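Biologist: Could you put the structure up so that we can go through it together? I would like to ask about it piece by piece.

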Amino acid sequence: MILELVPPTWLVDLAIEENIVPDRIFNQWEVLSKWQLKSLIDLGLSSDHYLIDVGCGPGRLAVKAIQYLKAGRYYGMDPYPPYV
């Protein structure tokens, strides 16, 4: 099954870019964003660090990271114009 072969983040970004109807991956947006932030915290991210998110996509991590980090500590960039 494709969901086992392709990372979920790629599927979400692809679905948004290609205007695909939301599916069960989109229903897990909140779960995936929490998982991303928790993983970074487990790796040592603290609220006073800066986070540069290269290839931030539609901002799934940004939503949680901006709430966690001190003001002005998150920077996201993506080559796909609708995301910036």
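Modeller: What follows is a walk through this model, from the overall layout down to single residues.

Biologist: Before we start, what kind of model is it?
Modeller: It is a predicted model, so please read every value below as something computed from that prediction.

Biologist: Fine. How many helices and strands are there in the protein?
Modeller: The protein has four helices and two strands, and read along the sequence they come in the pattern α-α-α-β-α-β.

Biologist: And what share of the residues is buried?
Modeller: Of the 84 residues in the protein, 31% are buried. The accessible surface comes to about 5,800 Å², and carbon and sulfur atoms account for 62% of that surface.

Biologist: Let's turn to the strands. How do strand 1 and strand 2 pair?
Modeller: They pair in the parallel sense, over four bridges. To give you one place to look, Val54 stands opposite Met77, which is in strand 2.

Biologist: Which residues of strand 1 are on its covered face, and which on its uncovered one?
Modeller: Leu51 and Asp53 make up the covered face of strand 1, whereas Ile52 and Val54 make up the uncovered one.

Biologist: Which residues make the nonpolar surface patch?
Modeller: The patch is made by Tyr50, Ile52, Val54, Tyr75 and Met77, and covers about 560 Å². Strand 1, residues 51-54, and strand 2, residues 74-77, each supply at least two of its residues.

Biologist: Is Tyr75 buried, partly exposed or exposed, and where does it sit?
Modeller: Tyr75 has its place in strand 2, and with a relative accessibility of 45% it counts as partly exposed.

Biologist: New topic: how many salt bridges does a search of the whole structure find?
Modeller: The search finds one, and it is formed by the side chains of Asp42 and Lys38, with 2.7 Å from N to O.

Biologist: How far apart are Asp42 and Lys38 along helix 3?
Modeller: They are four residues apart in helix 3, which spans residues 29-42, and so about one helical turn separates them. Asp42 itself is exposed, with a relative accessible area of 54%.

Biologist: What about Arg60, is that one buried or exposed?
Modeller: Arg60 is buried, with a relative accessible area of 5%. This residue lies in helix 4, residues 60-68, and a polar contact of 3.0 Å joins its side chain to that of Gln36.

Biologist: Back to helix 3 for a moment, where is Ile41 relative to Tyr68?
Modeller: Ile41 lies in helix 3 and counts as partly exposed at 32% relative accessibility. Ile41 and Tyr68 are 27 residues apart along the chain, and their C-alpha atoms are separated by 9.8 Å.

Biologist: Is Lys70 buried, partly exposed or exposed?
Modeller: Lys70, found in the loop between helix 4 and strand 2, counts as partly exposed, at 46% relative accessibility. Not counting residues up to four places away in sequence, Lys70 touches Ser47 and Asp48.

Conventions: Residues numbered from 1 in each chain as written. Predicted model: local features only at pLDDT ≥ 70, side-chain atom pairs only at ≥ 80, totals over all residues. Heavy atoms only, no water. Buried < 20%, exposed > 50% of the residue type's maximum accessible area, 1.4 Å probe, protein only. Areas by Shrake-Rupley, 256 points an atom, 1.4 Å probe, with all protein chains shown as cover. Salt bridge = Lys/Arg side-chain N within 4 Å of Asp/Glu carboxyl O. Polar contact = N/O pair within 3.5 Å; in protein donor to acceptor, adjacent residues only side chain to side chain. Patch = residues over 30% accessible without salt bridge, like charges linked within 9 Å, V, L, I, M, F, W, Y side chains within 5 Å. Pairing = 2+ DSSP bridges. Contact = heavy atoms within 4.5 Å.
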